[in-house]
Amino acid sequence: MTVTLRSLELAVPSTELAQQELRDVFLAQPNLSRLGSRLVTSAFDNSGIERRYSALTEWGEGAADEDPVFFDAGTHDFLNPTTGARNEVFAREATELYVRTAEAALEGCEGLEAADVTHVITVSCTGFFAPGPDYRIVRALGLNPSVQRYHLGFMGCYAALPALRQAQTICRADPDAVVLVATVELCTLHVRTSNDPDTIVGSSLFADGAAAAVVTGRDLPSDRPVLTLDHFETVLTPVGEEAMAWNIGDHGFEMVLGTYVPHIIDDHITDALEPLLAHEPSLAARPHAEIEQWAIHPGGRSILDKVEARLGLSTEQLLPARDTLRDYGNMSSATVMFVLKHILEGGAADADADERVCAMAFGPGLTVETALMTRVPGSLRGAGRRSVSPAALRIAPVGPAAATAADR
(Lines give C-alpha, C1' and ligand atoms only; values in the text may rest on other atoms or scores of the structure.)
Protein backbone atom coordinates (compact mmCIF):
# COMPACT_ATOMS: atom_id res chain seq x y z
CA MET A 1 0.00 0.00 0.00
CA THR A 2 1.05 3.61 -0.49
CA VAL A 3 1.91 5.58 2.65
CA THR A 4 2.01 9.33 2.22
CA LEU A 5 3.39 12.31 4.10
CA ARG A 6 0.46 14.67 3.56
CA SER A 7 1.51 17.79 5.43
CA LEU A 8 4.78 19.17 6.75
CA GLU A 9 5.05 22.31 8.85
CA LEU A 10 8.09 24.04 10.35
CA ALA A 11 8.86 26.54 13.11
CA VAL A 12 11.87 28.31 14.59
CA PRO A 13 12.25 30.17 17.90
CA SER A 14 12.16 33.95 17.99
CA THR A 15 15.80 34.87 18.56
CA GLU A 16 17.65 35.35 15.27
CA LEU A 17 21.44 35.09 15.32
CA ALA A 18 23.57 36.58 12.55
CA GLN A 19 26.53 34.27 11.99
CA GLN A 20 29.16 37.01 11.72
CA GLU A 21 27.93 38.77 14.86
CA LEU A 22 27.93 35.49 16.77
CA ARG A 23 31.47 34.79 15.54
CA ASP A 24 32.63 38.11 16.97
CA VAL A 25 31.05 37.29 20.32
CA PHE A 26 32.89 33.99 20.43
CA LEU A 27 36.15 35.72 19.50
CA ALA A 28 35.72 38.13 22.42
CA GLN A 29 35.45 35.39 25.05
CA PRO A 30 38.09 35.35 27.80
CA ASN A 31 40.56 32.46 27.88
CA LEU A 32 40.28 31.89 24.12
CA SER A 33 43.77 30.98 22.90
CA ARG A 34 45.42 32.30 19.76
CA LEU A 35 44.82 28.94 18.08
CA GLY A 36 41.24 28.94 19.35
CA SER A 37 40.68 32.37 17.79
CA ARG A 38 41.93 31.12 14.43
CA LEU A 39 39.69 28.06 14.66
CA VAL A 40 36.64 30.16 15.55
CA THR A 41 37.23 32.50 12.60
CA SER A 42 37.74 29.63 10.18
CA ALA A 43 34.78 27.56 11.43
CA PHE A 44 32.28 30.42 11.42
CA ASP A 45 33.44 32.03 8.16
CA ASN A 46 33.45 28.75 6.21
CA SER A 47 30.24 27.30 7.65
CA GLY A 48 27.94 28.28 4.78
CA ILE A 49 25.58 29.76 7.39
CA GLU A 50 24.26 33.31 7.40
CA ARG A 51 21.75 33.10 10.25
CA ARG A 52 20.46 30.73 12.90
CA TYR A 53 17.65 30.76 15.45
CA SER A 54 17.74 30.12 19.20
CA ALA A 55 15.26 29.61 22.00
CA LEU A 56 17.59 31.63 24.24
CA THR A 57 16.15 35.13 24.49
CA GLU A 58 19.29 36.25 26.39
CA TRP A 59 21.11 36.16 23.05
CA GLY A 60 18.59 38.47 21.41
CA GLU A 61 19.00 42.11 20.44
CA GLY A 62 18.47 44.41 23.41
CA ALA A 63 18.33 41.57 25.93
CA ALA A 64 19.27 42.79 29.41
CA ASP A 65 18.36 40.13 31.94
CA GLU A 66 19.28 41.18 35.47
CA ASP A 67 20.09 37.60 36.39
CA PRO A 68 21.37 35.94 33.18
CA VAL A 69 21.81 32.19 33.02
CA PHE A 70 23.30 31.52 29.57
CA PHE A 71 24.68 34.82 28.31
CA ASP A 72 25.49 38.15 29.96
CA ALA A 73 24.40 40.79 27.44
CA GLY A 74 26.30 43.46 29.38
CA THR A 75 29.72 41.81 29.24
CA HIS A 76 29.02 39.57 26.19
CA ASP A 77 30.33 36.62 28.20
CA PHE A 78 28.96 33.10 27.79
CA LEU A 79 27.96 31.60 31.12
CA ASN A 80 28.12 27.93 32.05
CA PRO A 81 24.78 26.75 33.50
CA THR A 82 24.27 23.21 34.72
CA THR A 83 22.64 20.53 32.63
CA GLY A 84 19.58 20.80 34.86
CA ALA A 85 19.23 24.52 34.17
CA ARG A 86 19.56 23.94 30.44
CA ASN A 87 17.00 21.14 30.52
CA GLU A 88 14.47 23.34 32.33
CA VAL A 89 14.56 25.72 29.39
CA PHE A 90 14.21 22.79 27.00
CA ALA A 91 11.07 21.49 28.73
CA ARG A 92 9.41 24.90 28.54
CA GLU A 93 10.47 26.07 25.07
CA ALA A 94 10.36 22.69 23.31
CA THR A 95 6.80 22.06 24.48
CA GLU A 96 5.61 25.24 22.76
CA LEU A 97 7.36 24.28 19.52
CA TYR A 98 6.08 20.69 19.57
CA VAL A 99 2.50 21.81 20.08
CA ARG A 100 2.68 24.66 17.55
CA THR A 101 4.11 22.58 14.72
CA ALA A 102 1.93 19.54 15.43
CA GLU A 103 -1.19 21.69 15.40
CA ALA A 104 -0.12 23.37 12.14
CA ALA A 105 0.61 20.02 10.48
CA LEU A 106 -2.80 18.69 11.43
CA GLU A 107 -4.56 21.84 10.27
CA GLY A 108 -2.66 21.66 6.98
CA CYS A 109 -3.78 18.11 6.22
CA GLU A 110 -6.94 18.12 4.12
CA GLY A 111 -9.61 15.63 5.12
CA LEU A 112 -8.28 14.93 8.61
CA GLU A 113 -8.93 16.32 12.08
CA ALA A 114 -7.70 15.70 15.61
CA ALA A 115 -10.08 12.77 16.18
CA ASP A 116 -8.48 10.89 13.27
CA VAL A 117 -4.96 10.75 14.79
CA THR A 118 -4.11 7.26 15.99
CA HIS A 119 -0.38 7.56 16.77
CA VAL A 120 2.07 10.27 17.87
CA ILE A 121 5.85 9.95 17.38
CA THR A 122 8.13 12.62 18.86
CA VAL A 123 11.86 13.09 18.37
CA SER A 124 14.63 14.99 20.15
CA CYS A 125 18.22 14.59 21.31
CA THR A 126 18.61 17.96 23.08
CA GLY A 127 16.51 17.47 26.22
CA PHE A 128 14.28 15.19 28.27
CA PHE A 129 11.15 15.52 30.40
CA ALA A 130 8.20 13.38 31.45
CA PRO A 131 5.31 13.37 30.85
CA GLY A 132 7.03 13.96 27.54
CA PRO A 133 6.32 15.89 24.36
CA ASP A 134 4.14 13.05 23.02
CA TYR A 135 1.87 13.49 26.04
CA ARG A 136 1.87 17.29 25.72
CA ILE A 137 0.77 17.09 22.08
CA VAL A 138 -2.11 14.73 22.92
CA ARG A 139 -3.37 17.02 25.70
CA ALA A 140 -2.88 20.33 23.89
CA LEU A 141 -4.49 19.21 20.62
CA GLY A 142 -7.34 17.35 22.29
CA LEU A 143 -6.39 14.03 20.71
CA ASN A 144 -8.03 10.81 21.77
CA PRO A 145 -6.44 9.74 25.09
CA SER A 146 -6.00 6.24 23.68
CA VAL A 147 -3.62 7.50 20.96
CA GLN A 148 -0.48 5.36 20.89
CA ARG A 149 2.65 7.36 21.67
CA TYR A 150 6.36 6.85 20.98
CA HIS A 151 9.43 8.99 21.63
CA LEU A 152 12.77 8.61 19.82
CA GLY A 153 15.38 10.17 22.06
CA PHE A 154 19.09 10.88 21.79
CA MET A 155 19.59 9.42 18.31
CA GLY A 156 21.09 12.62 16.90
CA CYS A 157 20.81 14.26 13.50
CA TYR A 158 19.40 11.27 11.62
CA ALA A 159 16.41 10.57 13.91
CA ALA A 160 13.65 12.10 11.76
CA LEU A 161 14.09 9.38 9.14
CA PRO A 162 13.61 6.48 11.62
CA ALA A 163 10.54 8.36 12.88
CA LEU A 164 9.11 8.49 9.36
CA ARG A 165 10.04 4.84 8.83
CA GLN A 166 8.15 3.91 12.01
CA ALA A 167 5.16 5.92 10.78
CA GLN A 168 5.30 4.00 7.48
CA THR A 169 5.43 0.67 9.33
CA ILE A 170 2.42 1.61 11.46
CA CYS A 171 0.38 2.67 8.42
CA ARG A 172 1.22 -0.47 6.49
CA ALA A 173 0.07 -2.56 9.44
CA ASP A 174 -3.10 -0.48 9.88
CA PRO A 175 -4.30 1.18 6.64
CA ASP A 176 -6.61 3.48 8.63
CA ALA A 177 -3.81 4.83 10.87
CA VAL A 178 -2.95 8.52 11.00
CA VAL A 179 0.48 9.23 12.49
CA LEU A 180 1.59 12.63 13.73
CA VAL A 181 5.41 12.94 13.71
CA ALA A 182 7.07 15.89 15.47
CA THR A 183 10.73 16.74 16.04
CA VAL A 184 12.12 19.62 18.09
CA GLU A 185 15.81 20.32 18.67
CA LEU A 186 17.15 23.15 20.84
CA CYS A 187 20.84 22.64 20.14
CA THR A 188 21.86 26.15 21.24
CA LEU A 189 21.02 25.28 24.84
CA HIS A 190 24.28 23.31 24.80
CA VAL A 191 26.55 25.76 22.98
CA ARG A 192 29.67 26.67 24.94
CA THR A 193 32.93 28.52 24.47
CA SER A 194 36.09 26.43 24.29
CA ASN A 195 39.47 25.99 22.61
CA ASP A 196 38.55 22.42 21.66
CA PRO A 197 38.25 22.08 17.85
CA ASP A 198 35.19 19.77 17.97
CA THR A 199 33.38 22.14 20.34
CA ILE A 200 34.21 25.15 18.17
CA VAL A 201 32.89 23.42 15.03
CA GLY A 202 29.68 22.50 16.86
CA SER A 203 29.24 26.06 18.11
CA SER A 204 29.58 27.36 14.55
CA LEU A 205 26.89 25.02 13.18
CA PHE A 206 24.12 24.13 15.59
CA ALA A 207 20.78 25.89 15.85
CA ASP A 208 17.18 25.39 16.99
CA GLY A 209 14.17 24.34 14.94
CA ALA A 210 11.04 22.22 14.83
CA ALA A 211 9.04 20.25 12.27
CA ALA A 212 5.88 18.16 12.28
CA ALA A 213 4.27 15.94 9.65
CA VAL A 214 1.12 13.90 9.18
CA VAL A 215 1.64 10.43 7.67
CA THR A 216 -1.19 8.11 6.61
CA GLY A 217 -2.15 5.39 4.16
CA ARG A 218 -5.62 6.86 3.69
CA ASP A 219 -6.46 7.94 0.16
CA LEU A 220 -7.16 11.65 0.54
CA PRO A 221 -7.24 14.57 -1.90
CA SER A 222 -4.59 17.28 -1.73
CA ASP A 223 -4.19 20.57 -3.53
CA ARG A 224 -0.57 20.71 -2.38
CA PRO A 225 2.36 18.40 -3.22
CA VAL A 226 2.80 15.35 -1.00
CA LEU A 227 5.53 12.76 -0.46
CA THR A 228 4.96 9.03 -0.74
CA LEU A 229 7.26 7.13 1.62
CA ASP A 230 8.66 4.33 -0.51
CA HIS A 231 11.71 2.70 1.14
CA PHE A 232 14.01 3.20 4.14
CA GLU A 233 17.40 1.74 5.07
CA THR A 234 20.02 2.07 7.82
CA VAL A 235 23.77 1.55 7.38
CA LEU A 236 26.61 1.75 9.91
CA THR A 237 29.89 2.78 8.34
CA PRO A 238 32.84 0.50 9.19
CA VAL A 239 34.69 3.40 10.86
CA GLY A 240 33.70 6.59 12.62
CA GLU A 241 32.26 5.45 15.95
CA GLU A 242 34.39 7.98 17.81
CA ALA A 243 34.11 10.71 15.18
CA MET A 244 30.51 11.69 15.95
CA ALA A 245 28.96 11.33 19.41
CA TRP A 246 26.61 13.09 21.82
CA ASN A 247 27.28 12.79 25.55
CA ILE A 248 25.64 14.18 28.69
CA GLY A 249 27.97 16.33 30.77
CA ASP A 250 27.51 18.26 34.01
CA HIS A 251 27.20 21.52 32.06
CA GLY A 252 25.11 20.52 29.08
CA PHE A 253 25.26 17.89 26.37
CA GLU A 254 28.67 17.55 24.77
CA MET A 255 28.85 17.15 21.00
CA VAL A 256 31.75 15.33 19.39
CA LEU A 257 31.92 16.28 15.72
CA GLY A 258 35.31 15.29 14.41
CA THR A 259 36.81 17.14 11.47
CA TYR A 260 37.30 13.76 9.77
CA VAL A 261 33.52 13.13 9.48
CA PRO A 262 33.25 14.56 5.92
CA HIS A 263 36.05 12.23 4.80
CA ILE A 264 34.28 9.19 6.32
CA ILE A 265 31.08 10.14 4.51
CA ASP A 266 33.03 10.65 1.29
CA ASP A 267 34.58 7.18 1.55
CA HIS A 268 31.37 5.31 2.40
CA ILE A 269 28.44 7.24 0.94
CA THR A 270 28.02 5.10 -2.19
CA ASP A 271 28.11 1.87 -0.15
CA ALA A 272 25.54 3.33 2.25
CA LEU A 273 23.18 3.99 -0.66
CA GLU A 274 23.36 0.48 -2.12
CA PRO A 275 20.80 -1.21 0.22
CA LEU A 276 18.29 1.57 -0.42
CA LEU A 277 18.62 1.57 -4.20
CA ALA A 278 18.52 -2.24 -4.26
CA HIS A 279 14.77 -1.95 -3.65
CA GLU A 280 14.50 -0.63 -7.22
CA PRO A 281 17.13 -2.25 -9.49
CA SER A 282 16.25 -0.01 -12.43
CA LEU A 283 17.06 3.01 -10.28
CA ALA A 284 20.24 1.46 -8.92
CA ALA A 285 21.55 0.95 -12.45
CA ARG A 286 21.34 4.64 -13.30
CA PRO A 287 23.70 7.48 -12.32
CA HIS A 288 22.80 9.03 -8.96
CA ALA A 289 22.16 12.38 -10.60
CA GLU A 290 19.15 10.90 -12.43
CA ILE A 291 17.25 10.88 -9.13
CA GLU A 292 15.64 14.29 -9.44
CA GLN A 293 15.66 15.51 -5.84
CA TRP A 294 18.14 15.04 -2.99
CA ALA A 295 17.26 15.80 0.62
CA ILE A 296 20.70 15.70 2.23
CA HIS A 297 21.06 16.54 5.91
CA PRO A 298 23.36 19.59 5.87
CA GLY A 299 25.56 18.60 8.78
CA GLY A 300 28.04 21.18 7.50
CA ARG A 301 29.21 22.71 4.24
CA SER A 302 32.09 20.28 3.82
CA ILE A 303 29.72 17.31 4.16
CA LEU A 304 27.53 18.70 1.38
CA ASP A 305 30.62 19.32 -0.77
CA LYS A 306 31.72 15.70 -0.36
CA VAL A 307 28.26 14.27 -1.11
CA GLU A 308 27.84 16.45 -4.21
CA ALA A 309 31.23 15.49 -5.62
CA ARG A 310 31.13 11.78 -4.74
CA LEU A 311 27.62 11.19 -6.13
CA GLY A 312 28.08 13.44 -9.14
CA LEU A 313 25.12 15.64 -8.25
CA SER A 314 24.46 19.05 -9.73
CA THR A 315 24.63 22.34 -7.86
CA GLU A 316 20.86 22.63 -8.26
CA GLN A 317 20.27 19.23 -6.63
CA LEU A 318 22.09 20.39 -3.49
CA LEU A 319 20.23 23.71 -3.41
CA PRO A 320 17.56 22.60 -0.86
CA ALA A 321 20.25 21.44 1.56
CA ARG A 322 22.53 24.45 1.08
CA ASP A 323 19.65 26.93 1.39
CA THR A 324 18.55 25.25 4.61
CA LEU A 325 22.09 25.38 6.02
CA ARG A 326 22.45 29.04 5.04
CA ASP A 327 19.15 30.18 6.54
CA TYR A 328 18.84 27.94 9.62
CA GLY A 329 22.10 26.13 10.37
CA ASN A 330 22.22 22.52 11.58
CA MET A 331 19.10 21.85 13.69
CA SER A 332 19.99 18.20 14.29
CA SER A 333 17.06 15.86 13.52
CA ALA A 334 14.71 18.66 12.39
CA THR A 335 17.04 19.74 9.59
CA VAL A 336 16.24 17.09 6.99
CA MET A 337 12.54 17.94 7.44
CA PHE A 338 13.35 21.55 6.49
CA VAL A 339 15.11 20.25 3.38
CA LEU A 340 12.09 18.10 2.49
CA LYS A 341 9.82 21.11 2.93
CA HIS A 342 12.06 23.06 0.55
CA ILE A 343 11.65 20.29 -2.02
CA LEU A 344 7.88 20.14 -1.53
CA GLU A 345 7.46 23.89 -1.93
CA GLY A 346 10.17 24.46 -4.53
CA GLY A 347 8.96 22.01 -7.11
CA ALA A 348 10.61 21.36 -10.44
CA ALA A 349 10.60 22.77 -13.93
CA ASP A 350 7.90 20.23 -14.84
CA ALA A 351 5.53 20.58 -11.88
CA ASP A 352 3.03 18.11 -13.35
CA ALA A 353 5.39 15.15 -13.06
CA ASP A 354 6.19 12.92 -10.11
CA GLU A 355 9.77 13.26 -8.89
CA ARG A 356 11.87 10.77 -6.96
CA VAL A 357 13.49 12.05 -3.79
CA CYS A 358 16.48 10.48 -2.05
CA ALA A 359 16.90 11.58 1.57
CA MET A 360 20.04 11.03 3.64
CA ALA A 361 20.95 11.94 7.22
CA PHE A 362 24.06 11.22 9.27
CA GLY A 363 24.58 10.80 12.99
CA PRO A 364 26.40 9.10 15.86
CA GLY A 365 27.86 5.75 15.08
CA LEU A 366 28.59 6.81 12.30
CA THR A 367 25.05 6.03 11.14
CA VAL A 368 23.66 6.77 7.69
CA GLU A 369 19.87 6.78 7.39
CA THR A 370 18.44 6.84 3.87
CA ALA A 371 14.99 7.03 2.33
CA LEU A 372 13.42 6.93 -1.12
CA MET A 373 10.31 9.03 -1.56
CA THR A 374 8.24 10.38 -4.43
CA ARG A 375 7.09 13.98 -4.67
CA VAL A 376 3.57 13.89 -6.09
CA PRO A 377 2.23 17.28 -7.21
CA GLY A 378 -1.18 18.41 -6.04
CA SER A 379 -3.39 20.74 -8.01
CA LEU A 380 -0.68 23.43 -7.92
CA ARG A 381 0.90 23.67 -11.37
CA GLY A 382 3.57 25.59 -13.20
CA ALA A 383 5.89 26.57 -10.34
CA GLY A 384 9.46 26.30 -11.60
CA ARG A 385 12.24 25.29 -9.26
CA ARG A 386 13.33 28.23 -7.16
CA SER A 387 15.28 29.21 -4.08
CA VAL A 388 12.82 29.06 -1.20
CA SER A 389 12.94 31.79 1.43
CA PRO A 390 11.75 31.48 5.06
CA ALA A 391 8.63 33.43 4.08
CA ALA A 392 7.88 31.02 1.24
CA LEU A 393 8.17 28.11 3.67
CA ARG A 394 5.68 29.88 5.93
CA ILE A 395 7.93 29.51 8.95
CA ALA A 396 6.76 31.72 11.81
CA PRO A 397 9.20 32.31 14.68
CA VAL A 398 7.74 31.06 17.96
CA GLY A 399 8.26 32.84 21.27
CA PRO A 400 7.77 36.11 23.12
CA ALA A 401 9.59 38.13 20.46
CA ALA A 402 7.92 36.41 17.53
CA ALA A 403 6.28 39.49 16.08
CA THR A 404 9.54 41.45 16.06
CA ALA A 405 11.51 38.60 14.53
CA ALA A 406 8.90 37.99 11.86
CA ASP A 407 8.90 41.63 10.87
CA ARG A 408 12.65 41.80 10.32
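**Around Leu143**

Reply: Leaving aside neighbours within four places in sequence, Leu143 is in contact (heavy atoms within 4.5 Å) with Leu106, Ala114, Val117, Val120, Ile137 and Val138. The model is a predicted one, in which local features need pLDDT of at least 70 and side-chain atom pairs count only at pLDDT 80 or more, whereas totals for chains, interfaces and linings use all residues. Residues are numbered from 1 along each chain as its sequence is written, and side-chain values use heavy atoms, with hydrogens and water left out.

Leu143 is among the residues with the most contacts inside the largest nonpolar core, as are Val120, Ile137, Leu141, Leu180, Leu186 and Val214, and this core has 45 residues. Such a core is a set of buried Ala, Val, Leu, Ile, Met, Phe, Trp, Tyr and Cys residues joined through side-chain atoms within 4.5 Å, where buried means under 20% relative accessible area with a 1.4 Å probe, protein chains only. The elements that give two or more residues to the core include helix H3 (83–107), helix H4 and strand E8 (178–186), and the largest share, nine residues, comes from H3; helices (H or I, at least four residues) and strands (E, at least two) are DSSP runs, numbered from the N terminus.

Strand E6 (residues 119–124) pairs with strand E7 (residues 148–153) in the parallel sense over six bridges, pairing being assigned if DSSP finds at least two bridges between two strands. In this pair, His119 stands opposite Gln148 of E7. Together with H4 (residues 133–141), E6 and E7 make a right-handed β-α-β unit, meaning that, with the strands pointing away from the viewer, the path from the first strand over the helix to the second runs clockwise.

Technical notes
Buried means under 20% relative accessible area, exposed over 50%, partly exposed in between (1.4 Å probe, protein chains only).
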